[in-house]
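This briefing concerns a single protein chain. Please consult the sequence and the coordinates alongside the points below.

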Amino acid sequence: MGFDETYSRRRFLRQSFAFSALAGLGGLPALGAAKHGGPGGGSRLLMVGDWGYEDFEAQSRVAKSMQAYVREQRFKTEGLLMLGDNWYGPLPGGAKDVRWKTQFEEMYPSSVFDCPAYAIPGNHDYQTMPMSKVVAELEYAKAGGTRWTMPSLWYSFEFPVKKPLMTVIALDSNMPHADGRPKKGADFTLTPEQQAEQLVWLEAELEKPRSTPFLVVMGHHPIFSNGPHGDHKVLVRDWEPLLRKHKAHMYLAGHDHDMQHLEFEGHPTSFVLSGGGGADLYPLVIDEAQRGPYAQRVYGFSDLEVTPETLTLRHLDEKGRVIHSFTKKVDGTVTNIA
């Protein structure tokens with residue numbers, strides 16, 4: 001089956017899903033072709049997850065495609081979202097390791113991405129190899145003179161910097177192990193005390209008056225996923241009710257090495273996974289025809305465009321082709337699934 005034929009089949013499946021799943025939300029939105037590529041007049045950021053693989057051949061392909069996409073579409077990238085698993089394998093030099101130059105500064109050059117790179121830690125960042133990679137990432141951000149933005153393990157910011165339209169809450173989703181221990185061998189997590197502290201902070205942050213029309217939350221681990229890691233029991237218990245209560249427009253994640261977009265009838269939040277940044281791809285456990293509208297095992301990155309009225313999310317593959325997109329209005333209505 002060729003690319004065009006496969007694309008047409010998936011588009012049919014997504015539109016069929018939209019009619020059935022979104023019908024219960026009150027008003028059934030009109031579904032049309034998404035506005036693929038092309039500046040829409042909004043502020044743009046690109047996101048990539050699971051990118052800092054030791055064998056960076058695939059990472060290089062995706063990064064080059066990101067650069068080409070920005071140049072061809074002629075828009076200014078006002079932010080990068082680094083969705084975790086920023087460093088696989090050893091980072092022996094810590095904040096001064098050569099990998100920062102080769103796999104971050106040169107891979108996503110400031111000549112193309114002259115903007116903050118908002119980062120969150122993934123599970124591979126929570127390793128001591130031989131020192132803590134999370135500590136190195138925090139130190140690199142504090143060193144100055146870099147776009148790497150990670151002021152703490154969890155934080156919030158508004159986007160764009162001037163006349164912000166979107167509040168973003170960046171979280172640390174590395175929950176303690178099932179037995180409550182934060183450390184096993186080289187792998188470690190938040191402590192139970194940090195887990196509780198972050199949850200209190202998140203609830204307080206969500207309760208604050210918000211001046212932006214859109215609310216987006218990001219964490220490395222998906223709350224819901226069609227990939228092999230599946231749904232995250234702790235995040236379903238602790239975070240999902242808060243997203244629902246405060247009507248978060250999107251939850252952005254990585255962790256499973258694929259690209260996804262999941263919608264649940266009656267839920268105000270769109271669940272987006274962009275984990276195709278360079279690590280080895282994972283097979284999907286649940287097909288998009290069963291739970292979607294989109295889930296594919298593919299390398300790629302994502303483009304998020306925000307205007308005062310809409311959020312538009314585009315998934316792109318490693319060749320820069322838009323493989324899935326949708327638009328979300330301020331009231332939570334999802335349209336233009338393609």
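Helix H4, spanning residues 133-142, is mostly covered, with 7 of its 10 residues buried. The model is a predicted one, and the chain has an average pLDDT of 90, with 88% of the residues scoring at least 70.

**Helix H4**

- The buried residues of H4 are Lys133, Val134, Ala136, Glu137, Leu138, Tyr140 and Ala141.
- Their cover includes helix H3 (99-105) and strand E4 (148-149).
- At the start of H4, the backbone nitrogen of Val134 has a side-chain oxygen of Ser132 within 3.4 Å.
- Gly144 follows H4 and has a positive phi, near 85°.

**Overall organisation**

- The chain contains 7 helices and 17 strands.
- It comprises 338 residues, of which 57% count as buried.
- Of the contacts between residues at least 6 apart in sequence, 70% join residues at least 24 apart.

**Nonpolar cores**

- In soluble globular proteins, nonpolar side chains tend to be buried together.
- The largest nonpolar core in this chain has 58 residues, and Met82, Tyr108 and Trp148 have the most contacts inside it.
- Helix H2 (residues 57-73) gives the most to this core, contributing 6 residues.
- Beyond its neighbours within four places in sequence, Met82 is in contact with Val48, Trp51, Phe104, Tyr108, Ala117, Tyr118, Ala119, Ile120 and Trp148.
- Another core, of 26 residues, lies apart from the largest one; Leu45, Ile120, Phe159 and Met166 are among its members.

**His232**

- His232 is located in the loop between strand E9 (214-218) and helix H6 (233-238).
- His232 counts as buried because its relative accessibility is 18%, below the 20% cut-off.
- Not counting residues up to four places away in sequence, His232 touches Ser173, Met175, His221, Pro222 and Ile223.

- Where pLDDT is low, the predicted coordinates should not be read in detail.

Definitions and conventions. Residues numbered from 1 in each chain as written. Predicted model: local features only at pLDDT ≥ 70, side-chain atom pairs only at ≥ 80, totals over all residues. Heavy atoms only, no water. pLDDT = per-residue confidence, 0-100. Helix = DSSP H or I, 4+ residues; strand = E, 2+ residues; numbered from the N terminus. Buried < 20%, exposed > 50% of the residue type's maximum accessible area, 1.4 Å probe, protein only. Contact = heavy atoms within 4.5 Å. Polar contact = N/O pair within 3.5 Å; in protein donor to acceptor, adjacent residues only side chain to side chain. Core = buried A, V, L, I, M, F, W, Y, C linked by side-chain atoms within 4.5 Å.
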